[in-house]
Amino acid sequence: MKKLYLALCMMVAAATLSAQNPTTYFMEGTPLRSQWNPAFTTERGYVNIPLIGGIQLGTDGNIALSDILYPTADGSLTTLLSGTVPAQVALDGLEEMNHLGLGVNMNLIGFGAYTKKRHHFWSFGLNLRAEADTGLPYGLFEFMKSGRSTRIQDLDLAVESYAELAFSYTFPIFKGLDLGLRGKVLFGLARASMHFDQFDAHLGADSWSAHAVGNMEFSGLVPSTKRLDDGRLVYDMGELVNDFKAPAGYGFGVDVGATFTPIKNLTVSASVNDIGFISWSKSANSIGTVDRELLFTGVETDGSGNAVQPEFDFEELQFDVQESKGLTKALRASVNVGGEYNFLDRRIGLGLFYQAKFREFDTRHNLTFSANFRPLKWLHLTGSYSFVNNEGGAVGLALNLCPRFISFFVGTDILLSKKTPQWLPINQGTMNLTFGLAVPIGK
């Protein structure tokens with residue numbers, strides 16, 4: 001049976017979101033750099049290798065993955081809600097409200113080129129993007145681990161995936177100032193969200209109860225329904241399939257950016273990305289609400305008979321079926337600002353980069369210091385240190401090999417961090433990996 005804590009951990013540990021690695025912001029020559037700012041261009045045109053032209057994976061939050069996933073004796077991973085993880089150990093690393101975002105951005109097809117006189121640059125890309133956000137209060141984990149009755153509020157989960165058809169154009173305004181614009185047509189694939197205003201949990205000797213007040217929305221994902229003995233039509237959360245044949249929604253987005261060179265060797269840049277929306281069609285949406293008392297039997301106990309882990313069958317959380325309606329959701333926008341000063345004929349550059357990412361349930365801030373080395377025209381190296389929301393930092397490394405026949409780049413912020421045997425960074429709230437392979441074209 002699908003228990004609530006398994007569903008939570010699946011959405012936290014396996015859901016995917018839009019990830020960008022700040023180490024790559026100043027890495028010239030990489031086609032993926034233009035995703036930071038549409039005014040960024042490569043020295044030559046390019047054709048991305050399909051499916052592996054650009055892959056970005058990342059996590060971001062005020063808790064580390066090592067606070068959620070724990071190694072077991074056999075070398076595998078388990079979640080903090082497993083009975084093998086002591087309550088005190090599991091609760092020590094948590095905050096009053098625990099936010100965690102995950103994401104992936106995969107370029108399926110991409111190419112770009114300069115116009116004949118090399119004054120303007122255009123590019124095209126087909127990307128697959130997915131984003132997930134969670135807002136999990138401490139009381140939820142405290143109840144699930146210790147069984148202590150508590151009042152749980154503002155429990156949030158959200159997952160969204162869509163395809164992005166993007167066209168970018170970069171052109172000079174005057175010498176030293178370039179403007180970049182990117183228009184994006186969006187195709188909604190699937191979306192799910194769940195919000196509880198109230199989830200008051202009380203534990204008894206052999207059963208537990210809760211007063212649940214909340215709502216759920218699914219788009220493109222279709223839960224089955226069943227009719228209860230009292231005549232209510234509810235969603236059966238034990239079965240959830242994606243059988244919607246057409247895109248579940250359509251939308252549009254815009255990125256706007258600029259680069260400016262006020263003095264020799266100094267370049268400043270700024271952009272606002274993902275200004276837009278997706279409208280999820282009425283026929284693809286399933287909407288449900290719940291406001292009732294729940295009673296569950298089944299409580300795990302320790303050797304002394306003390307209740308330590310209540311069991312909760314997820315399918316028993318029955319949402320009343322509501323009339324379907326169209327939903328319009330804004331994209332999760334971001335603001336990016338950077339500056340770099342170069343020395344020794346651009347062989348060395350020092351950069352400072354700031355990003356504000358407006359997520360579903362909170363806003364994340366990132367400040368990155370970067371040292372960029374270009375000893376050869378076809379070899380670029382970058383090292384960085386990021387401060388994330390004043391909650392910790394991460395050391396990043398990136399490599400770009402760009403001879404005339406190939407462009408290969410890879411970057412991560414977990415290479416130098418302390419890690420578990422499963423390569424989970426310890427006490428680090430971010431984890432990013434960027435990879436891409438392209439073929440340069442043109443002069």
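This note comments on salt bridges and a nonpolar surface patch in a predicted model.

1. Basis. Numbering starts from 1 along each chain as its sequence is written, and side-chain values use heavy atoms, with hydrogens and water left out. Because the model is predicted, local features need pLDDT of at least 70 and side-chain atom pairs count only at pLDDT 80 or more, while totals for chains, interfaces and linings use all residues.

2. Salt bridges overall. The structure holds 20 salt bridges (a side-chain nitrogen of Lys or Arg within 4 Å of a carboxyl oxygen of Asp or Glu). Three of these pairs are taken up below, with elements named from DSSP runs numbered from the N terminus (helices, H or I, of at least four residues; strands, E, of at least two).

3. Glu131 and Arg332. These side chains form a salt bridge with an N to O distance of 3.3 Å. Glu131 belongs to strand E6 (residues 121-137) and Arg332 to the loop between strand E18 (327-330) and strand E19 (334-343), so the pair ties together parts that are 201 residues apart in sequence. Glu131 is buried at 2% relative accessible area, and Arg332 is buried at 7% (buried is under 20%, exposed over 50%, partly exposed in between; 1.4 Å probe, protein chains only).

4. Lys184 and Asp274. Their salt bridge has an N to O distance of 2.5 Å. Lys184 lies in strand E8 (residues 177-203) and Asp274 in strand E13 (residues 266-280), so parts that are 90 residues apart in sequence are tied together. Both Lys184 and Asp274 are buried.

5. Glu340 and Arg374. The closest N and O atoms of this salt bridge are 2.9 Å apart. Glu340 is in strand E19 and Arg374 in strand E21 (residues 363-376), so the pair ties together parts 34 residues apart in sequence. Glu340 is buried, with a relative accessible area of 4%, as is Arg374, with 8%.

6. Network. Salt bridges that share partners join a set of residues into one network, among them Glu131, Arg332, Lys184 and Asp274. Other members include Arg129, Asp133, Glu164 and Arg182.

7. Nonpolar patch. Residues including Leu352, Phe369, Phe387, Leu415 and Trp423 make a nonpolar surface patch of about 820 Å² (residues with over 30% relative accessible area and no salt bridge; like charges are joined within 9 Å, nonpolar side chains, namely Val, Leu, Ile, Met, Phe, Trp and Tyr, within 5 Å; areas by the Shrake-Rupley method with a 1.4 Å probe, only the protein chains shown counting as cover for residues). Strand E22 (379-388) and strand E23 (393-401) are the elements that give two or more residues to the patch. Leu415 sits in the loop between strand E24 (407-412) and strand E25 (430-441), and is partly exposed at 45% relative accessibility.
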